[in-house]
Amino acid sequence: EKGGYATFMEKEIHDQPHAVADTLLGRTDADGRLVLDEMSISEEQLKAVDRITIVACGTAAYAGMVAKYAIEHWTRIPVEVALAHEFRYCDPIVNERTLVVSISQSGETMDTLMAVKHARELGAITVSVCNTHGSTIPRESDAVLYTHAGPEIAVASTKAFLAQITACYVLGLYLAQLRGGSFADDAQSVMKELAQVPGKIETLLGRMDRVKEIAGFMADTRSVLFLGRHVGYPVAMEGALKLKELAYIHAEGFAAGELKHGPIALIEPGQPVFVVVPSPTSEHGLHGKVVSNIQEIRARGARTLVIAEEGDEAVEPFADEVIRVPATSPLLAPLLTVVPLQVFALWLSTAKGLDVDQPRNLAKSVTVE
Ligand code: F6R
């Protein structure tokens, strides 16, 4: 059942190319246009949407943060990400033109369910991005977009995260196509690029030996920091969450731009810092800015573990380790850059002799508020 792997988590990390490919399957027609047969909401209603609120918890909320960048870019509809347990209590601004997208692997997370119910009471249109057929949240929603990651057994979420991000891309591209804005014509080319991603994840998984080795030497580490920018920012937070859950190590993810506003004070000689570097093709010169951040922390003694695109030579002088990911367009990069962070957490937990699949104090689905 673990497919020859020692743990479900390792198996599920290796399932990820399929999780992405299967979530894309059947969502385009012969011409490459997006079709969402399961979207049981009228096109008129979807065209009238003027605001999107994503509600989710934990890893699913980080998928939502990635989705925000992509959906806003493609549709120009404002997207807000709310932690589901905060949403209900913050007098949310929601009406019949608001699309409330919940993201949940289990479909049973009580906080997320209550947020969806609250949104419906306020008149919102609700769509559930969910991995579990017949679960409660899809039943309580107007429509469902299933992620096809297959059952996720390990408590820490991996393949469901990639499938959630993929489904949100599909939703964003569908809305862009439907509304016919300036981006509508590009939706098909993004879908083509997305179709290449599973093969790239496979390639990446084939090069994780060094990450395993690095983790194996870090069993005594007490703190690890993660930096990222733009879509790399939620990836950094997800990397930190995996490490907290699995290795019980203090870990924090920051937006790299925040560094000089405080967190840089944490840097002392030997402090390990993962840096998720944006693609050199990113807009607004973000790549160069993050390379400068690596330089700044390195000068203060940080041990820099850099995740960078193949061929990005600019990071070399300041990196203690470079982990290479295949190139893709900047908005799609999280499907690749998060993988080494999952692998790192898996092997650090293993190096500490901990239970990878059943970390202490956690349950697979949190059905109480
Ligand atoms: C992290 C993790 C949790 C879940 C969160 C939401 O590895 O598994 O943070 O992502 O509890 O769960 P679902 O997606 O089932 O609503």
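Q: Is Arg51 buried, exposed or partly exposed, and what is its relative accessible area?
A: In this predicted model, Arg51 is partly exposed, with a relative accessible area of 28%. Buried means under 20% relative accessible area, exposed over 50%, and partly exposed in between (1.4 Å probe, protein chains only).

Q: Which residue does Arg51 meet in a salt bridge?
A: Its side chain meets that of Glu80, at 3.5 Å from N to O. A salt bridge is a side-chain nitrogen of Lys or Arg within 4 Å of a carboxyl oxygen of Asp or Glu.

Q: Where do Glu80 and Arg51 lie?
A: Glu80 lies in strand β2 (residues 79-83) and Arg51 in strand β1 (residues 51-56), so the pair ties together parts 29 residues apart in sequence. Helices (H or I, at least four residues) and strands (E, at least two) are DSSP runs, numbered from the N terminus.

Q: How many salt bridges does the structure hold?
A: The structure holds 16. One of them joins Lys159 and Asp15 (3.1 Å, N to O).

Q: Are Lys159 and Asp15 buried or exposed?
A: Lys159 is buried, and so is Asp15. Together with Lys11, they are linked in a network of salt bridges.

Q: Turning to the largest nonpolar core, how many residues has it?
A: The core has 96 residues; such a core is a set of buried Ala, Val, Leu, Ile, Met, Phe, Trp, Tyr and Cys residues joined through side-chain atoms within 4.5 Å.

Q: How were the residues and atoms treated?
A: Residues are numbered from 1 along each chain as its sequence is written, and side-chain values use heavy atoms, with hydrogens and water left out. Local features need pLDDT of at least 70 and side-chain atom pairs count only at pLDDT 80 or more, while totals for chains, interfaces and linings use all residues.
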